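User: I want to learn how to read salt bridges and strand pairing in a model. Can you walk me through a case?

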Amino acid sequence: MKRMKADVTVIGAGATGCGVARDLALRGLSVLIVERGDINSGASGGNHGLLHSGARYLLTDRDSAEECQDENILLREMAPQCIEATGGLFVGVEGDNENDMEDFEGLLSQSRIPHRQMDVAEARALEPSLSTHLITAYEVNDATVDPFRLSLDNVADALSHGAELLCGTAFVGVKRQGPRVTHAVLQRRSTGETLEVETTCVVNAAGAWAGYVAAIAGAKTPVRCSKGTLVVTDHRMTRCVVNRLRRPSDADIVVPGGTVSIVGTTSTPVENPDVAWPTSAEVDRIVEEASALIPRLASTRMIRAYSGVRPLFGASGGGDDRTVSRGFRLMDHGAEGVENVFTITGGKLTTYRLMAERAADAVCHYLGTGGPCVTRTRPLPVSSGALWTEPGAAPKKWMSGHQAGDGMICECEMVSESVISSLVASLKQQGLATGLAEVGLRSRVGKGACQGSFCGLRLAAWMYGQGHLTQDAGISGLRRFYKERWKGMRPVSWGDNLARAELHEALQCGLFGMEVEHD
């Protein structure tokens, strides 16, 4: 059994867990981040990337609205490399509840959220794809954020200050002395190897899995799991974020992200966050509803669909998940007889930094050590390992100059061999796996129009040639890579997309004899 030691063990490497690790590392504590999958493999990798102005929650959740408004302003200053200042619109459509529109106007005027009421003609001039049936419009301070770059930059800064990261590692048990957890027991998923970490505190930042993690430590955290499905268009539909001015419901937001737009979202209770994927019925619902906002969506090609599971604080049960607060909760489990375990759950991607600050404050208060939080004033450094998640970054590098022989791995997103080489070097430096899935997460490979039909094979061949893959690692890696792509392609396989699905089948089944099952 391998043994390790850390002041604080953070369970979960989504945005919040990565933020907690950075915050604590900057305060001088030794931190171990434990993630059973890879960075952002939960809700932080399955959202629409909206940096909330706060306006979206004015009608239903004023506290969350104010938290989002404040963090929006702060993150623009502290992490500008992760954010595109698109701006946002809230537009009312004929047939929607006009009382909500009047309430929205009053709540905006009472809030600190920057806003401006616009003439409908001005809104349509700004966004020509909008419906001709608009009846009101407001301009707000929405933006978009790259969740992968945000988490990767946070992890990199945490590691530079002495933190350690274990991906592909499950939290499976604890050792205790009375009310205190003294050791976290971990298991490497690929080998079954057991690791034992001597620790003085555990922070549960496992998102939708927070209830499971708390139970392992002997505590309770009520988490309500809400699946949200989104679809990705084949081009960018709008310049800014467009929200439908009504109480939160299905398909009421269109978020531009690089060269595409993300349309969503749904809200469906699920018991098991490991069993959550998009369905064709959800895609149909999204397209139908969102077409009232942007009619062109009805005839736009969808590249893929994906789902994330929101961790809402509170017990599972009946009722609409949309009525549950999007605020976050910090739990000190000392009252349950587990005095050095803390859970931080709920919240939004926009409030990840604030959530991390509150959790780190609680840990430092318990330990009686560590200075004040500095993430409010200390900018998030740009890390080399996060450079290539941004759409367009690889093409800019290529066009600005490249060496002869720097072959193209992904033609759709123009990701070259040199980009992959730098990513693999970064993964090795962090002691992480260097498989196809790990490279795909940190780059745009497989995210273009062909969804990996060709670049998946090129990537595997190049990595074999460079010695990064050996024996059957490439085939198993391709199976994981294509399974993730197919999970999103299947619900949008109609029209021209059926031909793409046939191509995938021909390459995977006909060429490699490789069936990719859908769980």
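Analyst: Start with one pair. Glu289 forms a salt bridge with Arg244, with the closest N and O atoms 3.8 Å apart. A salt bridge here is a side-chain nitrogen of Lys or Arg within 4 Å of a carboxyl oxygen of Asp or Glu. The two residues are 45 apart, Glu289 in helix 7 and Arg244 in strand 14. Helices (H or I, at least four residues) and strands (E, at least two) are DSSP runs, numbered from the N terminus. This is a predicted model: local features need pLDDT of at least 70, side-chain atom pairs count only at pLDDT 80 or more, and totals for chains, interfaces and linings use all residues. Residues are numbered from 1 along each chain as its sequence is written, and side-chain values use heavy atoms, leaving out hydrogens and water.

User: Are Glu289 and Arg244 buried or exposed?

Analyst: Buried means under 20% relative accessible area, exposed over 50%, partly exposed in between (1.4 Å probe, protein chains only). Both Glu289 and Arg244 are buried.

User: Which residues are linked in a network with Arg244 and Glu289?

Analyst: Salt bridges also link Asp96, Arg246, Asp250 and Arg285 into that network.

User: What does strand 14 pair with?

Analyst: Strands pair if DSSP finds at least two bridges between them. Strand 14 (residues 241–244) runs antiparallel to strand 15, joined by two bridges. Val242 has Val254 in strand 15 as its bridge partner.

User: How many bridges join strand 15 to strand 16?

Analyst: Five, and these strands run antiparallel. They form a hairpin with two residues between them. Gly258 in the turn has a positive phi of about 65 degrees.
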